[in-house]
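The sequence and model are shown next.

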Amino acid sequence: MIKKSSNSTLSNEEALEYLLKASHKFLPHTEFIPLKNAYNRILAVDVFSDINLPGANTSSRDGYCLKVSPKKVFYEQTTLKILHKEIHAGHTINSLKFGECAYIATGGILPEGADSVVPFESAELNENKTEIILKAPIEKGDFVRPTASEMKIGEKIAAKFSKINPELAGKIVSGGTFIVEVFKKPIVAILTSGDEIVLPWEKPEPWQVRTSNPTVMAMLVEKYGGECLDFGIAKDTGDNMLDLFTKAIKTADVIVTSGGIAMGRHDPVRNMFSKLNIESVFQKYGSHYRPIFYSEYQNKPIFALPGTPQGMYRIFEKFVGPYLEEMVERRIEN
């Protein structure tokens with residue numbers, strides 16, 4: 001008989017909160033992987049920039065760079081002489097004097113003396129194309145991306161426990177990191193039990209049924225960020241379940257069983273727990289989410305779920321899935 005925990009009196013929502021906090025005790029190992037392969041993975045460390053971005057004052061528009069200082073603004077109809085030099089991305093010119101301007105492409109580095117940019121649509125060329133005439137006022141700093149305005153050397157650009165998405169990946173790689181340390185996906189062992197169930201490719205007898213639980217559980221494990229290992233179907237009698245469980249506990253980070261946890265005489269999971277003196281940390285019977293059993297053995301979390309496909313699915317979605325996410329993502333505080 002498994003000793004019943006006082007946590008079994010918790011409501012479903014209180015039980016979920018309890019389990020989410022309990023998951024913080026189990027932090028998977030980390031690994032280094034290429035950033036391009038890290039979509040939806042969780043950072044295991046803070047990431048810092050090794051550069052200023054941009055590394056110099058650059059133009060945010062195609063147009064003409066100029067020097068507004070010592071004035072604060074150039075008004076409409078101001079005329080500026082065009083230098084016969086062009087600034088493309090990755091290139092610049094030596095300097096620019098007050099009253100001069102030079103063509104600059106988006107991303108081009110402003111030369112010494114330049115402090116503003118006039119977009120093409122805000123300027124008009126004179127007849128011989130030697131000057132531009134402003135069609136709108138330009139203030140100092142307009143259309144300029146200042147040095148280090150996006151990130152600074154040593155700045156934290158991604159925090160530990162952040163989930164990597166394309167936007168964050170772009171920032172990380174711009175800051176000089178292309179191999180990231182992430183938490184390994186929790187390895188989840190699934191074990192199914194029941195003399196009445198057969199594998200999907202087997203034709204069942206009238207007293208048998210093809211099991212859908214391993215297929216569905218594998219997809220649920222992947223959905224919630226884990227990596228599934230299927231240890232097969234255990235018989236209701238003998239030490240088959242114990243043998244499979246012993247192998248699983250050596251390999252996986254989390255153990256999830258389906259079936260064999262009710263009050264029946266030959267429920268193998270329940271009998272195995274009694275034999276190993278595994279006491280429940282949390283279990284619920286007689287509720288919409290039943291039966292569910294949670295314990296910890298050899299510093300591994302263990303879930304035992306019902307064998308009925310509907311019951312297994314409902315409880316996995318309610319408790320096990322959020323638990324797996326919380327193991328790594330740390331969305332709540334203890």
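## Basis and surface

Accessible areas are computed by the Shrake-Rupley method with a 1.4 Å probe, and for residues only the protein chains shown count as cover. On that basis the accessible surface of the chain comes to about 17,300 Å², of which 51% belongs to carbon and sulfur atoms.

The model is predicted, with local features requiring pLDDT of at least 70 and side-chain atom pairs pLDDT 80 or more, while totals for chains, interfaces and linings use all residues. Residues are numbered from 1 along each chain as its sequence is written, and side-chain values use heavy atoms, with hydrogens and water left out.

## Overall form and composition

The radius of gyration of the chain, taken over C-alpha atoms, is 32 Å, whereas a compact globule of 334 residues would have a value near 20 Å; the globule rule is 2.2 Å times the number of residues to the power 0.38. Along its principal axes the C-alpha trace spans about 100 × 45 × 35 Å.

The chain contains six helices and 22 strands, which are DSSP runs numbered from the N terminus (helices H or I, at least four residues; strands E, at least two). Of the 334 residues, 46% are buried, where buried means under 20% relative accessible area and exposed over 50%, with partly exposed in between (1.4 Å probe, protein chains only). Among contacts (heavy atoms within 4.5 Å) with a separation of 6 or more, 72% join residues 24 or more positions apart.

## Helix α3

Helix α3 covers residues 213-223, and N213, P214, M217, L220 and V221 are buried in it. These residues lie on the same side of α3 because they cover an arc of only 125° around the axis, the arc being that of the directions from the helix axis to the C-beta atoms. The face turned away from this buried side carries the exposed residues M219 and E222.

The buried residues of α3 pack against strands β15 (187-193), β18 (227-234) and β19 (254-258), as well as against helix α6 (309-329). After α3 comes G225, whose phi is positive, near 90°.

## V256 in strand β19

V256 is located in strand β19 and counts as buried because its relative accessibility is 0%. Leaving aside neighbours within four places in sequence, V256 is in contact with residues including V188, I190, M217, F303, F316 and V320. The C-alpha atoms of V256 and T192 are separated by 8.7 Å, although these residues are 64 apart along the chain.
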